[in-house]
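Please look over the sequence and the model below. The paragraphs after it go through a few of its features in turn.

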Amino acid sequence: MRQINRNPTPGARLMLILLPFVLVIAAWLIGSAIRLEANPQDKLLPGLGQMIDAVHRMAFVADKRSGDYLFWTDTLVSLARLLVGLSIAALLGLCFGIASGVFPMLRAPLSTFMTVISMVPPLAILPVLFIVFGLDELSKVMLIVIGVTPMLARDLEQRAREIPVEILIKAQTLGASSWTLVLRVVLPQLLSRLLVSLRLMLGAAWLFLISAEAISATAGLGYRIFLVRRYMAMDVILPYVVWITLLAWLMDLGLRYLNRKWFPWSTGAQS
């Protein structure tokens, strides 16, 4: 049998899913044990006990100066910034995607403009955002919006243009106006694709957030990572990185669940 036709059994599939994670964890444990045996004060590869102590200190012991539980405060602050930025980007991307994908008169000015804007590296204009919007929350949210919106809009425009022309013609034949066609035909198709696009953009959105927090913030996951890096506190940095990864994965699962629940007919809901 050709390898392309072989499919793992459910048990084998679970083992294959876990295998890379097991190998990474095993490599880290072995490397940590070797380095700590040679130098108990080594900070590059902290042991499991050191990281558990650090998580306990950050998450379950109140900070002496502020009285906050820093781990949870950082998490809530970062999630608030991320969700606000993604919500605004999703709304703008949907509006621009529909306008450019459905209306030829709007496609002419918007399509090329969005393509050019999407090529601008968002991190390159971060200093501009700080100058224009200040160092508070707005600049961090705007970085996510500017970084994510053009890509969402381009993807949704392409999906709108892939809708068969026959469907649009039939809707117009039955008396649908332009806005009725958008609401009853185009929008249901694009909402499913929007959830898929948001899943694909989660990594970029987290990157923009962490970068903004690292440069100018007083709380947040990215702020904490770059604050403790000066002390080489890998026992704090690594758990924070794992926590960010877990949050992004849970958000991905949530978006996939919503897609399957709201749009079970969509091919994107199966991915």
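Which helix gives the most to the nonpolar patch? The model is a predicted one, and in it α1 gives the most, with 7 residues. The patch lies on the surface and is formed by Leu-14, Ile-17, Leu-18, Phe-21, Val-22, Ile-25, Leu-29, Leu-48 and Ile-52. Together these residues have about 850 Å² of accessible area. Two helices, α1 (10–38) and α2 (48–60), each supply at least two residues of the patch.

Leu-29 is placed in helix α1 and belongs to the nonpolar patch. Its relative accessible area is 41%, so Leu-29 is partly exposed, as this class lies between the 20% and 50% cut-offs. Ile-30 is also in helix α1. Ile-30 counts as exposed because its relative accessibility is 52%, and exposed means over 50%. Along the chain, Ile-30 and Leu-45 are 15 residues apart, and their C-alpha atoms are separated by 9.8 Å.

Another part of the model concerns a pair of helices. Two packed helices are described by the angle between their axes and the distance between the axes. For helix α3 (residues 70–102) and helix α6 (residues 137–161), the angle is about 30° and the axes are 6 Å apart. The crossing of α3 and α6 is right-handed. What kinds of residues make up the contact of α3 with α6? They divide into 18 nonpolar, 6 polar and 5 charged residues.

Definitions and conventions:
Residues numbered from 1 in each chain as written. Predicted model: local features only at pLDDT ≥ 70, side-chain atom pairs only at ≥ 80, totals over all residues. Heavy atoms only, no water. Axes fitted to C-alpha atoms, helices over the stretch in contact; angles between N-to-C directions. Helix = DSSP H or I, 4+ residues; strand = E, 2+ residues; numbered from the N terminus. Left-handed = near helix turned anticlockwise from the far one by under 90°. Nonpolar A, V, L, I, M, F, W, Y, C, P; charged D, E, K, R; others polar. Patch = residues over 30% accessible without salt bridge, like charges linked within 9 Å, V, L, I, M, F, W, Y side chains within 5 Å. Areas by Shrake-Rupley, 256 points an atom, 1.4 Å probe, with all protein chains shown as cover. Salt bridge = Lys/Arg side-chain N within 4 Å of Asp/Glu carboxyl O. Buried < 20%, exposed > 50% of the residue type's maximum accessible area, 1.4 Å probe, protein only.
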